[in-house]
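Colleague: Please take a close look at one annotated region of this model, and then relate it to the remainder of the assembly.

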Amino acid sequence: MQRRQFLTAAAGAAALAALPATTLRAFAQSGSGTITYGQSTSILTLDPAHGAFTGYPGGYEAALLLFDRLLDFDADMKIVPQLAQSYEMSEDLQTCTISLRSGVTFHDGTPLDAAAVKFNIERMMNKDINTTNRPLWDPISGVETPDDTTVVITTSAPFAQLPNTLAHGSGAIVSPAAIEKFGEDGFAQNPVGAGPYELEAFSPGQELTLKAFAGYWGGKPGADRIVFKFIAEPATRISALTTGAVDIIDSVPVQLVSQLAGNADIEVINRPGLRPIGLIINLTRPTLSEVKVRQALNLAVPVVTIAEKVFFGYAQAPDSPLAFDAIGHKSVGELVYDQEKAKALLAEAGYAPGADGIVEKDGARLSLALYVPEGLFPGDVAVAEIVSGALKQIGVEAVITKIEKGAYWDYLRQDKASMVWDLAMFGFNPSNASGTYHLASLFKSNADDNGKPDVWNAGRYNNPRVDELLNLADTAPAEADRLAALGEAQDIIWADAPHVWLQVNENVSAARKSVSGVAVMPIVFTTLRDAKI
Amino acid sequence: MADIPAAAPRRFRRTHNVYLWFGSSLLGFFIFLAIFGPMLAPYDPTEQDLFALLEGPSATHWLGTDNIGRDIFSRILAGTGYTVSIALSSVLLAGIGGVALGSVAGYFGGKVDRVLSGIIDLLLTVPNIVLAIAIASVAGSSAMGLTIAITASFIPPLARLVRSKVIELKEEDFVAASVTIGMSHWRILLHHVLPNALTVIIIELSLNAGQAVLIGSALGFLGLGVQPPAPEWGTMLGASREFLTVAPHLIMAPGIAISLLVLAFNTFGDGLRDFFDPNLEK
């Protein structure tokens, strides 16, 4: 009997302990002025360091509200001041002098001054604390604070992308006092910044509630509360939006947009992304090191048709290795679908059709292993199937291997000896919007092609001229010279065709018309900074 | 032997066994499609027409086209082979594994039984679909991987069944008689015990086949099926899900095909049980 009583009491206590949190949350949401956002990715951590904001992009979307940064991107990916009042890059691109807005405080009441900024930048420079986004932070060599509102950042080499780094999500300025209070391990669950909204409740992986920060320097935010809810299934997100359970959703599958477009209460918000999707070509294979073969592969894929038919027009065929809104993008060519020319190029490269219709050279069939993740990129498996079908038309066999999305990156980033793929689907999202960063991450030669790729040059592309130009694009004192170098690099890479270029997808979100000011940024993020209800 | 019924009712059950007739005819139809389906298909199941995406049923495409413009009818026909062969080979393999484990554990008893039963019990605590997912994710996305996953998830329950049947039969007089005349244990097990357990095993396996179709399709649905562009039903079902509201015909064809094949296996299994089991006389 005693044991049973104890058990009953214990169960009761557990139920009571669980109750208040949920009741409070339900209460919080019932107030007016609450915007609820049904996200396709869950929010797990909210610290710019220690692996940055996760999951992606959900964590970054919340971080944009919790934290202010020195600089910001506007809707067209132009860099504009945020916590900085103004900034100036030195002639040699090695020093950036920033004049801070005065009187700004963090959510915990501590001042956001030069010392706090120095603390933050040094924290991001520290490789042990900040393990991700290294290419953004590695060039920085020191921070000086001549007075309370001035910060001077120096780099070890000319670094034109420094403003992009400061405007990047990982440039979020966190409260040093909160780091002290919660520790390096605890901050990710107890974030304190100086953004328009502050933390109210956080269940990682499920729900995050932010409330308006009364002391925000920029005035009262547009909503009293913003609730982020994780809803993994697209169909569930859509029905949550149409029934009004949420006000905003992201990642609307393009085939379902037509359903929302007919709804008078709902607005579809779409914007081309910064992530061109393509197939990395494994250049360590002798057959694929031949540029004519790579050009033939590019000619064989009906990219425009894929964009129009498979993505219902919510995608475009790229005209450069960079997406349209990347800083420094230059239109360098047009993707043409021409099977005859593709076949002619294969013939020039010494290939002749074999008995089964697949072309051969010296008795070896041109059969390629095409690796694709499932659910990582828009319509990934379907696009791979189309590519495989299209290549067959010119006599190239592409055998598809579908990989579970969690395991995919490991297949991509292999040392040379373990590369199992000839073609692998890939898309890079330059989160600092810099075209230089994008091209350097994908096409700058690796220090050692036998090891794992340094960044994402998984196909082992190596062109000394491109290396030179990318270096110039980072270090030339005049902006015009930097852009010219970046433009020439795009020309060369396009002609070298180290990827099979596929499509640039649009990011599609949707909001109820009762909410205004929701924007989809080219860098995937659906931002609620200016959202009002 | 208790399991062999009197002659008259058996003939009665054989001629009036609707389940068996229906099940075996439907199953025969599917096996026919599995073998000849690819030849009967009006289109190449991987041929795409990007200008005819998500089209509804019509005279040119009887069951419509999928998200990259392939003929669904041809894909269903071509996919029959995968599903039927995965189901049949996995129950066959599970039969071999389950009988081996269960009969050894049941007949020899003692430490052998305790160890084997321990393992079986441990595996039985994991729901078979979960076990299959775990195995499929290690074995990889292929027909072979699916077969291994399904087989492995069937072995524990079958071994448990065979073990208890063997323990029951072991107590029969004919076993004691065989021991008395000095017959070896293996010979007794193989020649006297197992043949008497065969009915139970066959019925269980035929019922498992329906289950195998469901698990195989579920794994395909979850992305652990065969590699694209192979037309496996579960994978087709999974790929249709995104289009459920805009092109419901995509999900109908594989859904109905899976249901009918499961129905075929299950009614066949039920029919077999009625045929063999004298206790079910009505």
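**The annotated region and its surroundings**

Modeller: Helices (H or I, at least four residues) and strands (E, at least two) are here DSSP runs, numbered from the N terminus. The boundaries come from UniProt, where an unreviewed entry places the feature "domain: Solute-binding protein family" at residues 78-446 of chain A. UniProt positions follow the numbering used here, feature names are shortened, and annotations may be inferred rather than shown by experiment.

This is a predicted model, in which local features need pLDDT of at least 70 and side-chain atom pairs count only at pLDDT 80 or more, whereas totals for chains, interfaces and linings use all residues. Residues are numbered from 1 along each chain as its sequence is written, and chains are lettered from A and ligands numbered from 1 in the order in which they are written. The model scores ipTM 0.83 and pTM 0.83.

Consider next the sheets of chain A. Four strands of chain A form an open sheet in the order S4-S5-S7-S6, with antiparallel pairing; strands are taken to pair if DSSP finds at least two bridges between them. Its edges are strand S4 (84-89) and strand S6 (140-147) of chain A, each of which pairs on one side only. On average, neighbouring strands of this sheet are turned by 20° against each other, direction ignored.

A:Phe202 has A:Leu208 in S9(A) opposite to it. Together S8(A) and S9(A) form a hairpin with 3 residues between them, and A:Gly205 in the turn has a positive phi of about 85°.

Most residues other than glycine have a negative phi, and most peptide bonds are trans. Against that background, a cis peptide bond joins A:Thr54 and A:Gly55, with omega about -15°, and another cis bond joins A:Tyr56 and A:Pro57, with omega about -5°. A:Gly55 lies in the loop between strand S1 (34-39) and helix H2 (58-66) of chain A, and A:Pro57 also lies in the loop between S1 and H2 of chain A. A:Arg460, a residue other than glycine, has a positive phi near 65°. This arginine, A:Arg460, is in the loop between helix H14 (435-443) and helix H15 (464-475) of chain A. A:Arg460 has 20 other C-beta atoms within 10 Å and is therefore buried; with C-beta atoms placed from the backbone, a residue is buried at 20 or more such neighbours within 10 Å, exposed at 12 or fewer, and partly exposed in between.

As for the partner, 17 residues of chain B are in contact with 22 residues of chain A, contact meaning that the C-beta atoms, placed from the backbone, lie within 7 Å. The side of chain B that touches chain A has 8 nonpolar, 8 polar and 1 charged residues. Here Ala, Val, Leu, Ile, Met, Phe, Trp, Tyr, Cys and Pro count as nonpolar, Asp, Glu, Lys and Arg as charged, and the others, Gly among them, as polar.

Chain B has 10 helices and 0 strands, and its C-alpha atoms fill a box of roughly 80 × 45 × 30 Å along the principal axes. Of its 282 residues, 45% are buried. The mean pLDDT of chain B is 88, with 93% of its residues at 70 or more; pLDDT is the predictor's confidence in each residue, from 0 to 100. Among the elements of chain B, helix H1 (residues 7-16) has the lowest mean pLDDT (56) and helix H3 (residues 72-108) the highest (94). B:Leu122 belongs to helix H4 (residues 110-124) of chain B and is exposed because 10 other C-beta atoms lie within 10 Å.

Terms used: Two residues are in contact if their C-beta atoms, placed from the backbone, lie within 7 Å. Axes are lines fitted to C-alpha atoms, for helices over the stretch in contact, and angles run from 0 to 180 degrees between N-to-C directions.
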